[in-house]
Amino acid sequence: MGVEGIGARVVRKEDKRFITGKGRYVDDIKLLGMTHAHFIRSPHAHAKVKKIDSSAALKMPGVVAVLTGQELVDDKVGNLICGWAITSKDGTPMKMGAWPAMAPETVRFVGQAVAVVIADSKNLARDAAESVVVDYEELPAVADMQSAIKAGAPQLHPEAPGNQVYDWVIGDEGATDAAFAKAANVVKLDVTNNRLAPNAMEPRAAIADYDAAEEHFTLYTTSQNPHVARLVLSAFYNIAPEHKLRVIAPDVGGGFGSKIFIYPEEMVALWASKKVGRPVKWTGDRTEAFLTDAHGRDHVTHAEMAFDANNKITGLKVKTYANFGAYMSLFSSSVPTYLYATLLSGQYNIPAIHAEVVGVYTNTTPVDAYRGAGRPEASYLIERLMETAARQLKVDPAQLRRTNFITQFPHQTPVIMAYDTGDFNASLDAAMKAIDYAGFAARKAQAKSQGKLRGIGVSCYIEACGIAPSKAVGSLGAGVGLWESAEVRVNPVGTIEILTGSHSHGQGHETTFCQLVAERLGVPISQVSIVHGDTDKVQFGMGTYGSRSAAVGLTAILKAMEKMESKAKKIAAHALEASEGDIVIENGEFKVAGTDKAIAFPMVALAAYTAHNLPDGMEPGLKESAFYDPTNFTFPAGAYICELEVDPGTGKTSFVNFVAADDFGRLINPMIVEGQVHGGLAQGIGQALLEHAIYDANGQPVTASFMDYSMPRADDLPSFNLSHTTTLCPGNPLGIKGCGEAGAIGASAAVINAITDAIGKNNLEMPATPDRVWRTIHAA
Amino acid sequence: MSTVKLTVNGKAVAVDVEDRTLLVHLLRDHLNLTGTHVGCDTSQCGACVVHLDGKAVKSCTMLAGQADGANVTTIEGIAKGDELHPMQAAFRDNHGLQCGYCTPGMIMSAIDIVHRHGGQLDEPTVRQELEGNICRCTGYHNIVKAVLDAAGRMKVSQAAE
């Protein structure tokens, strides 16, 4: 490892612009002649749009246009799509209603756009929106899943009778029933996985710029995957062919999944910019984010786990209702199916699993992938079940896990996933040591003497990251391939540009990706720059989500580097009059092994471009590209243990210690990995204690600002105690597993297991607010 | 419309704005100081924090006109040329930022926290004082470390002056 190579704690190259206020986010960009869009949104959860009267608004100074959903229809702009096809157990495809970017006839959630005002300034657009009169005919609405699936419930889409999108199954029902028939013990649990609002700190924004002479659009947008945005906007929405649409995602202020999807607003901005002949900018405010950014989680599940007399798990049955909101967002269908039910085996050897997932429409904001996406829901369910089982079977919860850990790899689960490697005992050992698990009983007694209820909670998570290979996800219904691409451009002076289809919005790619180059060539990272987020610069890419950028994106860079190095070695060998096989790369030089003959890398680059002395038949230049499609998902795993105290008088929870022992395979930059874990843990703890996106019975959002949705703040959280165990991922040459979502996936169960341990009652839903905890303590 | 006269990052400016203009929009839209961000519109998240006459304020929560005659410092105004403010350096060195969106407000709040508490800062105090700044990326762990680190650096640099 060099000082800037793989494994080094290099401070981030990108930080200087962020700490000096020089970041360039979409809302920071101004174009000449730019107009501003303000959307008119439904105040009703379900209503017919009878009439939109914009006559008064159009007379106001500075108003350029008021555009409606009907005009989108007239211009043949496509509806929003869902890109992952799921088949129900009866063999029918999932049932979806159309989602127009602005509703021409019917609105189905509060905040759905019906029209947009385009004006010379944001304030003028807002003023004019006040003068647009929309005549709605209110319809009965339904916001919770239990009501939505009842007979006689208000119906959202005629295409989906009973508000059911699909009824999907996985696993072997017969084998599972047989396991339960022979079980010595059965553990049952009902859990709700609370709905979350993503709340990246930067609200979504878009600037669309149409060039009439070139018939070309440029879109600046807050996207995690600008190439996917271009593909969808072009192929499905009829905005423009791909070569006439440039999508730029500059600095993006957090994504967490919520900026994967193609939303109505950027689509409308593009369309409107052509209609009005000027650039159109839209910047969402926080309430719009609550109303329109795809929410996360929102599952209701009943599960049963069968055990034999030796406390070995023999079977698992799961039935989950998943709330999709009012429309099927881009990858929504895959979240409670292939990203959730395929992880239901957890870290355990479970011979038989059967899961059924019913997808439900409600009059709420659409739900899609968010910070873990299906895997937090699976991990929370399994780890709550294990804790419940330990209490019911009266065994130590850590020991019950050990009894059932998978210890042989590869391991084929009954739910598609084939775990490639891992050492679950090692991570549990590390976590138990870090928290002094053995000394807990004494600490609990000590706390009791001070009137506090102390609890400890274990959570052993596993996740599937990378979301690849393409052939596998294609067979499961994905509409796109999920590989990654990279290009290595060596300039004649030896500086290097790495073009990647991954997108960095906080993950630190501009540093970690350079570290790979430093590792291989021995050049300083200051000589390397990372280019991403612009479809005109990078040919194609699938973007950043599912903790995939290092395992998939960086491996693509490695593949391109290997090609470039191979050519560079030929050039060096030719210049040094040596055999190509004798050339080694060390400290920025190409050397003839075992001699003092060497040529510096910049001289190799220069030789490639002067082309004065290249091997016969070699093309000039030094630039290579690669597309990399993994052979399997990656399987990060770990053990989290939370120790906390509950004040029985107030129900308030205080952390004593939170330890995390993760196995992410090889770490490129441990400092950045730790940061990723910290953030994930905060999300997992936030979900457990604070966060909940709530609707009333009529579908009115109760939590639509930071005044009423409880975001985790610094004084809600502890400092974290992190460690790593390592099994290298055999699925990619760097041995990387991914680290972006682990904390969000594993932390919630540890917290709830600890609180329920402290209060001696097992049934407690998230978020475990002081009020809810107090009521649970004092319930009869 | 009114003319607001104020000093921003040491430079006197006079800006014609609508009376309803918020200070953050004067900075971002009229002076192109886009380092100050808007994250919530309800005074909760702190992405918009600047210093007004030396105190941290949320620039989305005051009218530009209320800053008439004031001395405003933004994230763009705290480094001395190429020399970062100790708080900026501490955020970088402790990996106290990821996406960078909350970072300017965090840094401006944190400088004010150190000024108010001097050498008396500890972790619980920093966590409590950061209650008005929300970060979704870092879990605050490294932000807290950065503020404590910078508190030490700022004492040293004050002593040196």
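Colleague: Two strands pair if DSSP finds at least two bridges between them. With that settled, which residue of β12(A) is the bridge partner of Ala206(A)?

Modeller: The partner is Trp282(A). Before going on, please note that this is a predicted model, in which local features need pLDDT of at least 70 and side-chain atom pairs count only at pLDDT 80 or more, while totals for chains, interfaces and linings use all residues. Residues are numbered from 1 along each chain as its sequence is written, and chains are lettered from A and ligands numbered from 1 in the order in which they are written.

Colleague: How are β9(A) and β12(A) joined?

Modeller: Strand β9 (residues 205-211) and strand β12 (residues 280-283) of chain A run antiparallel and share four bridges. Such elements are DSSP runs numbered from the N terminus, with helices being H or I of at least four residues and strands E of at least two.

Colleague: What is the order of the seven strands in their sheet?

Modeller: The sheet is open, its pairing is mixed, and its order is β3-β5-β1-β12-β9-β10-β11 in chain A. The edges are β3 (63-68) and β11 (245-248) of chain A; each has a single partner strand, so one side of each lacks a neighbour in the sheet. From one strand to the next, the twist averages 20 degrees.

Colleague: Which helices pack on that sheet?

Modeller: One of them is α4 (residues 122-131) of chain A, which touches β1 (35-41), β3 and β5 (113-119) of chain A and makes about 30 degrees with the direction of β1(A). Another, α8 (residues 264-276) of chain A, touches β1, β3, β5, β9, β10 (216-221) and β12 of chain A, and its direction makes about 30 degrees with that of β9(A). Axes here are lines fitted to C-alpha atoms, for helices over the stretch in contact, and angles run from 0 to 180 degrees between N-to-C directions. Contact itself requires C-beta atoms, placed from the backbone, within 7 Å.

Colleague: Back to β9(A): how many of its seven residues are buried?

Modeller: Six of the seven are buried, which leaves β9(A) mostly covered. A residue is buried with 20 or more other C-beta atoms within 10 Å of its own, exposed with 12 or fewer, and partly exposed in between. β9(A) also pairs with β10(A), in the antiparallel sense, over six bridges. Within that pair, Asp211(A) stands opposite His216(A). Four residues lie between the strands of this hairpin, and Glu215(A) takes a positive phi near 50 degrees there.

Colleague: What about the sheet of four strands, and which strands stand at its edges?

Modeller: That open sheet of chain A has mixed pairing and the order β21-β20-β19-β25. β21 (528-531) and β25 (623-628) of chain A stand at the edges with a single partner strand each, so one side of each has no neighbour in the sheet. On average, neighbouring strands are turned by 15 degrees against each other, direction ignored.

Colleague: In what sense do β19(A) and β20(A) pair?

Modeller: Strand β19 (residues 484-490) and strand β20 (residues 496-500) of chain A pair in the antiparallel sense over five bridges. Val488(A) has Ile498(A) of β20(A) as its bridge partner. On this sheet packs helix α15 (residues 509-521) of chain A, touching β20 and β21 of chain A at about 130 degrees to the direction of β21(A). α16(A) packs on the sheet as well, touching β19, β20 and β25 of chain A, with its direction at about 145 degrees to that of β25(A).

Colleague: At what angle does α16(A) pack with α17(A)?

Modeller: The angle between α16(A) and helix α17 (residues 601-610) of chain A is about 90 degrees, and their axes are 10 Å apart. The two helices are therefore roughly perpendicular, a label for angles of 65 to 115 degrees, whereas under 35 is roughly parallel, over 145 roughly antiparallel and the rest oblique. Ala568(A), Ile571(A), Ala572(A) and Ala575(A) of α16(A) meet Val604(A), Ala607(A) and Ala608(A) of α17(A).

Colleague: Which residues have the most contacts inside the largest nonpolar core?

Modeller: They are Val116(A), Val117(A) and Ile118(A), in a core of 310 residues. Helix α16 (residues 549-576) of chain A gives the most to this core, 13 residues. A nonpolar core is a set of buried Ala, Val, Leu, Ile, Met, Phe, Trp, Tyr and Cys residues joined through C-beta atoms within 7 Å.

Colleague: Finally, how many residues of chain A are in contact with chain B?

Modeller: There are 42, in contact with 44 residues of chain B. Helices α1 (15-19) and α18 (670-689) of chain A each supply at least two residues of that side of chain A. The largest share, seven residues, comes from α18(A).

Methods: Two residues are in contact if their C-beta atoms, placed from the backbone, lie within 7 Å.
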